[in-house]
Amino acid sequence: MPKLWCVVRRTGYVAVLALVAGALFAAPAMPGAAQQRQLTSVQSLEAALLVEVNALRRRHGLAPVRVNPRLAAAASSHSRAMATRGFFAHNSADGAPFWRRVERFYGSANYRYWSVGENLLWASPELDAQEAMRMWIASPLHRKNLLEPRWREIGFSAVHADFAPGAFGGHAVVVVTANFGVRR
């Protein structure tokens, strides 16, 4: 069953947006050496998600978002950590809030305004961009994040794991992180 999770951080206050579909958390677990598998980026899914997000934003009269390599690096770091360590959460494996992780890549220093948001998703390896968008749009909180007018930049990471421990039950999965941001 696919799982969804989203959250937003704004300078000065935090608004947490979450959809809990079943048990989302499991204790971080490291797979045994025999079970470890290489993670593979699914760049075609990342590219297709950008097209889908901007099409949705255009249909709603919003400015498109452009890929920011720093947001993409933050997303990649998190997708890979979740798939490897077997947890599904915005907080990093060390318990740090998501916005701290994103801020390490997408800094807030020297900006009057800084805001970031994050949508997460995991599903079977057959996931495509249209299905990911259908799931996010069906969730009012995820949809709100996708249609947030202030976002100007985005970074995606979709990783495939043949064996994902913990919350993923040892199954083959695709883990997707979308980091949204604006700095002024």
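How many residues does helix 1 have, and how far does it reach from its first C-alpha to its last? Helix 1 has 17 residues and reaches 25 Å. That is close to the 24 Å expected at 1.5 Å a residue, where the expected span is 1.5 Å times one less than the number of residues. Helices here are DSSP runs of H or I with at least four residues, strands are E runs of at least two, and both are numbered from the N terminus.

Some ground rules. This is a predicted model, so local features need pLDDT of at least 70 and side-chain atom pairs count only at pLDDT 80 or more, while totals for chains, interfaces and linings use all residues. Residues are numbered from 1 along each chain as its sequence is written, and side-chain values use heavy atoms, with hydrogens and water left out.

Back to helix 1. Its buried residues include Leu45, Leu49 and Val53, but also Glu46, Asn54 and Arg57. Buried means under 20% relative accessible area, exposed is over 50%, and partly exposed is in between, with a 1.4 Å probe and protein chains only. The buried residues of helix 1 pack against helix 4, helix 5, strand 6 and strand 7. Just after the helix, Gly61 takes a positive phi of about 70 degrees.

Now the core. A nonpolar core is a set of buried Ala, Val, Leu, Ile, Met, Phe, Trp, Tyr and Cys residues joined through side-chain atoms within 4.5 Å. The largest has 26 residues, and Leu45, Leu49, Leu127, Trp136 and Val176 touch the most other members. Helix 1, strand 5, helix 4, strand 6 and strand 7 each give it two or more residues. A second, separate core of 14 residues includes Met82, Phe88, Phe168 and Val175.

Next, charges. A salt bridge is a side-chain nitrogen of Lys or Arg within 4 Å of a carboxyl oxygen of Asp or Glu. The count is 5. One of them joins Glu118 and Arg101 at 3.1 Å, N to O. Glu118 lies in strand 5 and Arg101 in helix 3, so the pair ties together parts 17 residues apart in sequence. Glu118 is buried at 0% relative accessibility, and Arg101 is buried at 2%.

Asn145 sits in helix 5 and is buried at 1%.

Compare Glu131 and Arg134, whose closest N and O atoms are 3.0 Å apart. They are 3 residues apart in helix 4, about one helical turn. Glu131 is partly exposed, at 31%.

How values were computed. Contact means heavy atoms within 4.5 Å.
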